[in-house]
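The sequence and structure are shown below.

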Amino acid sequence: MIEVKEPKKKIPVVGLISGMLTVSKYIFKKPVTVQYPEQKPELPDRFRFRIFLKLDDCVGCTLCEQVCPNHSINMQKVDRENPRNKRKIYPDVNFGTCTVCRNCQEICPTEAIYLDKEFETARTRNSFTYSPEELALKENEVIK
Amino acid sequence: MVMPSSDWVELNFGPQHPSMHGVLRLKAKLDGEIVKEIEPVIGYLHRNAEKICEMTYFNDNLIYFDRMDYVGAMNMEVGYLEAAEKLLDISISERVKWIRVIMAELSRIAAHLVWAGAYGLDLGMLTPFFHCFIEREKILTIFTEVSGSRQEVNYMCVGGVYQDITEKAINEIEDFVREFPKRLKDIFNMLMKNDIFLSRTKGIGILDKETAISYGVTGPMLRASGVEYDVRKAEPYLVYDQVNFDIPVSYKGDNLARVLVRFEEMRQSLKIVEQAVKKIPDGPYFNPKAKKSLMIRMRGEGDVYARTESSKGEFGVYIVGDGGVKPYRVRVRSPTLRNLSVLPELAKDVMIADMIAISGTLDLVFGEIDR
Amino acid sequence: MNILLRLQELFSPLGHLASYILAYIFESLFLVIFVTISLIVMIYVFRKYMARVQQRIGPNRVGKFGLLQLIADALKLVGKENILPKNRDDLPYKLAPAMVFVSLVLAFTILPYGDFFYLGSFTVTHSEVTIILLFGIIAIMPIGEVLAGISSANKYALLGALRAVAKDVSFEIPMMLSVLAIVMMASARTPSSLSLESIISSEFLPYGILEPIGLFVFFISMVARASYTPFDLGESDSELVSGHSTEYSGMRFGMFYMGMFGSIFLGSLIVSILYLGGPSGPLESSLGFIWLIIKAAILVLISFTVWLSMPRIRIDKFINFGWKYLIPIAMINLILAGIITLGWGL
Amino acid sequence: MNYTVQVIGESVGKDGRKIIKVTKENFLDLMKDLRNQGFDHLSLITGVDRKDFMEVVYHLHSMKTNEYVVVKVETRDYKVPSVTGLWKSADWDEREQYDLLGIIFEGHPNLKRLFLPENWVGHPLRKNYDMKKTQYINMDEEGNDYATFDERGGW
């Protein structure tokens, strides 16, 4: 336990001037902002945003649908030949409600659903939901 | 001259107001410049997280806790997991405990930095805000480094953490610990050397010990009123009994005391992080028992209350389980709600400017108050 | 030789009266352009300065280095819808921003700018009593703010107007007292001591060196009058949302915004004219305008630093400060000035 | 600890905290007792909807001795005596529990809803609350908000 001390009483204007100097000192320092579209920020290795799906690996176990905290994932029927996925159901993702909690990636038994670094996924309101085929594509290949 | 109460002007501060920290609405009755009485109206950000928690699995609830105190999300996760892991009988390894301590303390610094910047803005100071956020951004980068997200991290899970802390993240934390005190000193000087700042905070909004305890005020506000109560010392959780730190206390109880206590807390948190980074042992970062249950088949019965010290005060989580995979009832003790409830007491017969200065020191975060 | 006379010479074939009228019109136009450009430059500098102090970059998208940012902002403000409050008092509501801006531009017509090479001085009005005119005009500006506050039928705006009145009343007096000291000192050396030009020309040392107390009082009064952060009580954006300009939008808001920056610039100009020797400086006399601008620019930068580094003072403490400290200090300054003047007279 | 009143039972919970169960009649006396014994900090009031009865849980804490005790009281008619006279923090806590669970705290000076608008239908944390019915919120001229079932009457 320590007691915090109030700053000592000073001559009135001196404090104001030293505060002003502290502030104006920073004019000589480099700005920290990143000019976004031209300069991309250096993202840490583990940064994740967009969900991807490997269609061949998905077994349609619906675990990701169950674990999704805000029901962003729903299983869809997709007519596609895959011996491992007998029921032919694959997850779609609504990015409008996705909170990037990565629970689906953690729980997926075959690592079919995973997240990756892509984050520039601006979409209009009605096209947030990505179908399973679109989830398999790279972001710039998705046409909405 | 005393105006009769019928001549008081009624004025709504908020829900949209520059210094109401989100969506607080204060119904104020004014006699000229003097605030005669105020009534806080809350609930504009109410999502009923407690009800949502009853409908989701134990592990999934974490993301709703991230969004309670969204400026210091890791603290909320620690608070929830303290209760959930006791209820589900899942133990965590020593390494996880240390990781959690590091993250909780970094998050405390981040939350206090938001407060310090916003408090400057409340008083009309523009510059400290940006310096606070530059430093906060460094912490958020560390969070991204370990978890993948900046603010609502969802890093911890029942039984451990999702991903192990990396060597690079530890280096970044060490860099931060080395460089932060310089900037903190500058921010501190910008505020504390200023006579106007002192005149706005000294002796204003005095909260005495008895009122504070009776209203359930906790955290830096209570400590500024002279009560040496910190859950990290009173009921050590994780490994807080193995690190060396002090609780800052002031006996003045005014705005300035609260400001100083929070600044000192940042320094103490930094001290904890410094020790924890050195002491962090090897070990598993995840309890295989939780992993085996696939995160959604964990069952718990009984009721558990766990309290932790978040950046705002005592954050308690009370979980009742009925043996199912989802909690039966989750109740959150929101520290800021109690801190806010003392505002009508503090802001009585003060000037409008003082009311803003006082409500700034409460450190309001509406995700947590309204839940 | 100043611009006015040169213009009159240019138009002299049109006859005496017509040439003077045309000369005045063009001269006023020059002045409006000068004020607008200096405001644009000032706001740009302020933004860049603020950004650097806060380790940001500041405007850099519109034009090279963001130089056209302010023009873009002005276009945006003009293009915006004017949202009018329902219960407003129509005439004063619409008059208030114009009043603030017009009185600001009027004040610029009186200042002695000093010579600028061939062009000469910018000054429009030449009179024996410019100092009285000047303080008469700048006293109009707060009235615009008060009108805005009481006419927009908003409690925040009303409180802002009340604060603005209290602030202005308590700071006009020390301001005028410190100006009085200057007039007194000037009267010992020049017969027309109410004219700004003769005040400048009569000094052998800048008055700021002779009476630093007066400089201090006057600078604080000017800061208070321009209402930026330590004393922005009429606006106090974290308490009263935006004070008297809460209900304004579009270009009407823009006028208040320009009015604030304009009065910082005006204040710096007046301080440098009265206390720092104005256009006089070393080197040749045709550089007077440059000297004045340099002096004003330094004061403007100091003002910006004050703005960025200080919290808002509380209204009662502020008025206390005005009445209990500044007025006595100004009185002492007046007495000291009297002693100095007597010394000169002897 | 000694109490002057009869308690139903004492036990230790899963988290190691002492739990005291008490009937509704003896509840207020017990709380007064505990208040006098130094439990100056009412940490939390929780209502748990057990379907056929309501359980109200009080977490009490003593700042001086750092003791902790949990008081549980059951009620079938959703009515519990208010403890606002003993701890100030009970004021908002009880309002919150009234708001979300519909527990009526008898003797509370200002028992209004804390989060939801005053005319909200139902108490959301009850187990039988109908989640299907959407209620929309709007604001009246005074700035107070109200709830409505009309889709166009709010957001």
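## An enclosed helix

In this predicted model, 10 of the 10 residues of helix α15 (residues 352–361) of chain B are buried, so the helix is largely enclosed by the rest of the structure. A residue is buried if 20 or more other C-beta atoms, placed from the backbone, lie within 10 Å of its own, exposed if 12 or fewer do, and partly exposed in between. Among the buried residues are B:Ile352, B:Met355, B:Ile356 and B:Ile358, together with B:Asp354 and B:Ser359. B:Asp363, which follows α15(B), has a positive phi, near 60°.

## Surroundings of B:Ile63

Helix α2 of chain B (residues 62–66) contains B:Ile63. This residue is buried, with 21 other C-beta atoms within 10 Å. Not counting residues up to four places away in sequence, B:Ile63 touches A:Pro69, A:Thr99 and A:Cys101, as well as B:Glu152 and B:Asn154; contact requires C-beta atoms, placed from the backbone, to lie within 7 Å. The C-alpha atoms of B:Ile63 and B:Met76 are separated by 9.7 Å, the two residues being 13 apart along the chain.

## Chain B as a whole

Chain B has 16 helices and 10 strands, defined as DSSP runs numbered from the N terminus (helices: H or I, at least four residues; strands: E, at least two). Of its 371 residues, 64% count as buried. Among contacts between residues at least 6 apart in sequence, 70% join residues at least 24 apart. The C-alpha atoms fill a box of roughly 75 × 45 × 35 Å along the principal axes.

## Conventions

Residues are numbered from 1 along each chain as its sequence is written, while chains are lettered from A and ligands numbered from 1 in the order in which they are written. As the model is predicted, local features need pLDDT of at least 70 and side-chain atom pairs count only at pLDDT 80 or more, whereas totals for chains, interfaces and linings use all residues.

Conventions:
Contact = placed C-beta atoms within 7 Å.
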